[in-house]
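Me: Could you walk me through the charged side-chain pairs in this model?

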Amino acid sequence: QVQLVESGGGLVQAGGSLRLSCAASGRTSSISAMRWFRQGPGNQRELVAAITSGGSTDYADSVKGRFTISRDNAKNTVYLQMNSLKPEDTAVYYCNVIATIVRVSYNYWGQGTQVTVSS
């Protein structure tokens, strides 16, 4: 089992910045990829950014150049630095990790943190 606790959401004006954090506990040695998803009002949940255990990253086109995902393996924490925020970035942001336990892969989710960007 892996538990995820997110923090860092809030209200910010357009053009501002926020940093989200997601701390993992439990069987953290089994974690490979760490990802951030978001779900805006009336929208499906979408992948925002991902980072592998080796540090390779990938981003949704809508956030490239504005968001940066990083991880601190010693702290079992993944971060999402969000700059130049836009009202359309308003959503609940969810941390997600993939953990492989006894050769079976599992998805674990955080509780979500609200990000609201005002125009």
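Reply: Happy to. This is a predicted model, where local features need pLDDT of at least 70, side-chain atom pairs count only at pLDDT 80 or more, and totals for chains, interfaces and linings use all residues. Residues are numbered from 1 along each chain as its sequence is written, and side-chain values use heavy atoms, with hydrogens and water left out.

Me: How many salt bridges does the structure hold?
Reply: Side chains of opposite charge can pair when their charged atoms come close. A salt bridge here is a side-chain nitrogen of Lys or Arg within 4 Å of a carboxyl oxygen of Asp or Glu. The structure's count is 4.

Me: Which residue forms a salt bridge with Glu46?
Reply: Glu46 is partly exposed at 34% relative accessible area (buried is under 20%, exposed over 50%, partly exposed in between, with a 1.4 Å probe and protein chains only). The closest N and O atoms are 2.7 Å apart, and the partner is Arg38.

Me: What is the N to O distance between Asp61 and Lys64?
Reply: Asp61 counts as exposed, at 64%, while Lys64 is partly exposed, at 48%. Their side chains meet in a salt bridge, N to O, at 3.1 Å.

Me: Which residues are linked with Arg38 in a network of salt bridges?
Reply: The network links Arg38 with Glu46, Arg66 and Asp89.
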